[in-house]
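This report is meant for someone meeting the structure for the first time.

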Amino acid sequence: MQHTDKNYEIQMNSINEKLIKMGSILEEQFNKALKVLSTRDENLANDIIDTDKQINDLNHDISDTVFQIIAMRQPMADDLRFLFCSIKIIRDLERIGDHLVTVAKKGYRINSSIPPEFIEKLEILGNKASVMTHDALNCLFERKLSQADKIAERDDIIDTLHGEFIKDVLSYMKQNDDYIPDSLSLIQISKGLERVGDRITNIMEEVHFLIEGKYSSE
């Protein structure tokens, strides 16, 4: 972004830089959250919970900068579109962070006697959501829609896997009363990962608007 006002240019660039940092932290959080599922590592889960504050702080910093620019600079055209898209995108990124905290909090407490195939299915679901997140962030930062169709397809797959997983866990609950709390945690983890897919779909709509000037549904 090139502007005659150097301070304005610095402010605009800082938003993009913080978006990149926010995305980078989220990808690290994703890797850690999936590891918690397989290891039941409480320290790693706590690290995810603590790190989520960085995501929240970046959310507030970006919001403050955007509103300052809109109030003081009266941006036009592409810059205004970028600012409005950024506000919506950080909201979804922040919520993804919350979902990963849920995965961490619930994940390390799950009883080790729970059938391992449930954890394996959650890892498959989580890996698909993680790749979807990575590709969507690349679309955002590179201003390209080359992965848009694949990302939408992955969301459909995640929805299907989530639905099948819920059925399997509910069936397990009926036969294993002692593991109802753990089963409910499994369901909450799956729901959190499924919601990541929904958040990424929202972000891709904003990326489409940012690049094309209209939403993909229009």
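## A first residue

Does Ser 130 count as buried or exposed, and at what relative accessibility? Ser 130 counts as buried because its relative accessibility is 15%, and the cut-off for that label is under 20% relative accessible area. The model in which this value was computed is a predicted one.

Ser 130 belongs to helix 4, and, when residues up to four places away in sequence are set aside, Ser 130 touches Phe 30 and Asn 31.

## The protein as a whole

The secondary structure consists of six helices and zero strands, so that the order of elements, read from the N terminus, is α-α-α-α-α-α. Of contacts between residues at least 6 apart in sequence, 79% join residues that are at least 24 apart.

The protein has 218 residues, and buried residues make up 45% of them. Its accessible surface comes to about 11100 Å², with 48% of that area belonging to carbon and sulfur atoms. There are 27 positive and 39 negative side chains, and the centres of these two sets lie 1 Å apart.

Helix 4, which covers residues 116–142, has 27 residues and reaches 39 Å from its first C-alpha to its last, a span close to the 39 Å expected at 1.5 Å a residue. Just after helix 4 comes Arg 143, which takes a positive phi of about 55°.

Helix 6, covering residues 180–212, has 33 residues and reaches 48 Å between its first C-alpha and its last, again close to the expected value, here 48 Å at 1.5 Å a residue. Just after helix 6, Gly 213 takes a positive phi of about 80°.

Asp 155 lies in helix 5, which is made up of residues 148–175. Asp 155 is buried and yet has no salt bridge, for the nearest side chain of opposite charge, that of Arg 195, is 8.2 Å away. A salt bridge would call for a side-chain nitrogen of Lys or Arg within 4 Å of a carboxyl oxygen.

Which residues does Asp 155 touch, not counting those up to four places away in sequence? They are Met 132, Gly 197, Asp 198 and Thr 201.

Key:
Residues are numbered from 1 along each chain as its sequence is written. This is a predicted model: local features need pLDDT of at least 70, side-chain atom pairs count only at pLDDT 80 or more; totals for chains, interfaces and linings use all residues. Side-chain values use heavy atoms; hydrogens and water are left out. Helices (H or I, at least four residues) and strands (E, at least two) are DSSP runs, numbered from the N terminus. Buried means under 20% relative accessible area, exposed over 50%, partly exposed in between (1.4 Å probe, protein chains only). Lys and Arg count as positive and Asp and Glu as negative; His and the chain ends are not counted. Contact means heavy atoms within 4.5 Å. The expected span of a helix is 1.5 Å times one less than its number of residues. Accessible areas come from the Shrake-Rupley method with a 1.4 Å probe; for residues, only the protein chains shown count as cover. The place of a charge is taken as NZ of Lys, CZ of Arg, CG of Asp or CD of Glu.
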